Amino acid sequence: MASPVIADRFNSISMLPLVFLVLVVLLILPAMIPVRSGQTATQTTPYTEARWMNKLRAQTAGTSDGGPSSAVTVLNNVDVSNEPRPQSETFVAVNSLNPKVLAAASNEIFRNPQRTYFSTDGGLKWTGADQPLVDEEGTQWSFASDPGVAIDTQGTIFFSQLLIASQDNNFKGDAMIVNSTDDGGATFSPGRILKKDLNAGALGRFEDKPFIAADTNLNSPFRDNVYVSWDTVQGNGTGKVDFARSTDHGVTFSVQRIDDTGSTKGAFEIGADPAVGPNGEVYDAWLDIKNSRLQIDRSFDGGVTFGQDSTITPMIIRFDTGIPSIRARRALVYPSIDVDRSDGPHRGRLYCSWTDQADQSSPFVDGAETDIFFAFSDNGGLTWSSPIRIADDAVNADQFYQWLSVDPTDGSVNVSFYDTRNDSARRMTDVYFTRSIDGGATFSSNVRVTTASTDESCPPCEALLYQTGFTSSTVRFCRQNCDSEIFNQYGDYTGLVSFAGLSHPVWTDRRSGERLNEEIFTATIKVRK
């Protein structure tokens with residue numbers, strides 16, 4: 001994620017004065033200083049600032065292989081972004097009626113706009129374009145964050161994004177926006193406003209994590225509806241999950257709160273992920289931070305009304321954890337859901353994957369090993385199968401930032417994730433992939449997708465951060481002594497989309513080792529028949 005854009009190569013926003021950095025440290029950051037890695041901790045609700053604040057810090061600071069599976073072939077790793085300076089946090093979508101067309105997006109760390117990417121040859125070659133930083137009312141925003149992508153059956157590509165306004169280098173306000181393009185990013189529609197609050201900063205409110213989905217079922221009564229969901233921290237010690245729907249091709253949106261106000265009073269939520277079933281059913285899952293659980297709700301009328309929240313699973317990691325590969329930013333946990341829309345035997349089955357502490361018998365230990373878990377539901381998310389682990393490593397390694405995609409042509413369940421199994425220090429990551437062809441009962445041997453590892457860690461900086469928090473001197477020290485973009489690292493999530501036997505993960509990659517040069521990569525994973 002991100003925060004007000006301040007970099008020496010851009011004139012729109014100057015470097016933050018030291019006074020403001022000190023103010024940020026004194027007023028905001030103490031609540032975010034984690035316990036030291038390895039300590040058992042009683043987790044208090046840690047969601048006291050937006051995760052996109054790390055972009056502010058970044059710009060203020062200046063500039064063992066599991067063996068191949070016989071079922072799949074990984075094609076070449078492709079540099080999608082292919083531009084200088086860091087990018088992170090990725091999302092991707094496919095045109096289901098023309099699957100050679102792919103669209104992706106990522107955060108730019110030292111630049112203001114959200115970056116979008118387009119391929120018309122199935123992911124072999126990509127072009128890029130910046131989204132506009134102005135909404136349909138003409139408000140000019142300071143920077144963008146938190147990309148989401150969806151493509152409807154008319155071929156229109158929709159991008160959700162969070163826009164931030166700053167004034168005198170202070171957070172002023174934010175908006176949830178959807179842009180669309182019909183010409184591969186040559187032009188974009190006006191930024192359609194889902195929610196806009198120019199006084200959010202003064203009132204202690206903020207928005208976070210807009211994820212987007214489109215109903216691409218050809219026979220659905222809600223075909224081409226567009227759905228966006230995100231979380232709002234309201235400034236009075238509570239949060240909520242907002243949901244927006246468009247029935248007119250993304251021209252207008254209606255917005256409502258969908259989490260149960262009674263059962264989650266005082267809760268904080270994050271990572272709301274919408275998905276669409278084969279008959280137009282809408283599901284939305286999120287992390288309930290206060291109550292340490294994953295929640296889900298559903299709609300059977302195209303997102304007009306929702307039911308009562310259900311629990312997918314309790315969580316040990318309430319919000320994030322400081323595993324070695326992403327210790328500075330800390331690995332956020334969240335659900336990723338999708339639905340079988342195929343004509344196969346599991347049509348309508350709902351799937352969820354998530355990251356949690358590997359040792360499920362222990363209380364939370366900050367920085368302890370993490371794993372990817374998975375469950376499914378055959379009754380709309382009311383009840384769930386017993387969770388299983390889908391990583392097949394036999395070493396002390398971390399898996400995190402998973403994304404799940406169900407191929408609507410064959411019902412296969414596909415999951416990609418970061419994995420540290422090739423580094424005994426748990427610092428270097430690769431991307432791994434696995435799939436299930438039996439409705440999630442079993443998963444294939446994990447396949448290494450990346451052909452080179454990435455190291456986003458910086459031990460001297462991390463040690464100092466855990467002693468002092470984000471003081472101005474520590475921020476300067478980290479920028480001077482870290483080759484990685486230490487304040488954002490991998491961002492908060494990755495993307496994956498699967499269609500017609502092909503899967504396309506997208507991820508943050510710094511295999512070059514070059515200073516502050518995180519790129520967005522992808523690869524095509526092909527099922528061997």
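Guide: Two strands count as paired if DSSP finds at least two bridges between them. Strands (E, at least two residues) are DSSP runs, numbered from the N terminus. This is a predicted model, in which local features need pLDDT of at least 70, side-chain atom pairs count only at pLDDT 80 or more, and totals for chains, interfaces and linings use all residues. Residues are numbered from 1 along each chain as its sequence is written, and side-chain values use heavy atoms, with hydrogens and water left out.

Start with the open sheet of four strands. Its order is E20-E21-E22-E23, and the pairing is antiparallel. E20 (335-339) and E23 (388-389) are the edge strands. Each has a single partner strand, so one side of each lacks a neighbour in the sheet. Eight antiparallel bridges join E21 (residues 350-357) to E22 (residues 370-377). Cysteine 352 faces alanine 375 in E22.

Now to strand E11 (residues 226-233). Buried means under 20% relative accessible area (1.4 Å probe, protein chains only). Eight of the eight residues of E11 are buried, so the rest of the structure largely encloses this strand. Val226, Val228, Trp230 and Thr232 point one way; Tyr227, Ser229, Asp231 and Val233 point the other way.

E11 pairs with E10 (residues 206-214) in the antiparallel sense, over seven bridges. There, phenylalanine 206 has valine 233 of E11 as its bridge partner. E11 also pairs with E12 (residues 239-246), again antiparallel, over eight bridges. Serine 229 stands opposite phenylalanine 243 in E12. E11 and E12 make a hairpin, with five residues between them. In the turn, glycine 235 has a positive phi of about 90°.

Key. Buried < 20%, exposed > 50% of the residue type's maximum accessible area, 1.4 Å probe, protein only.
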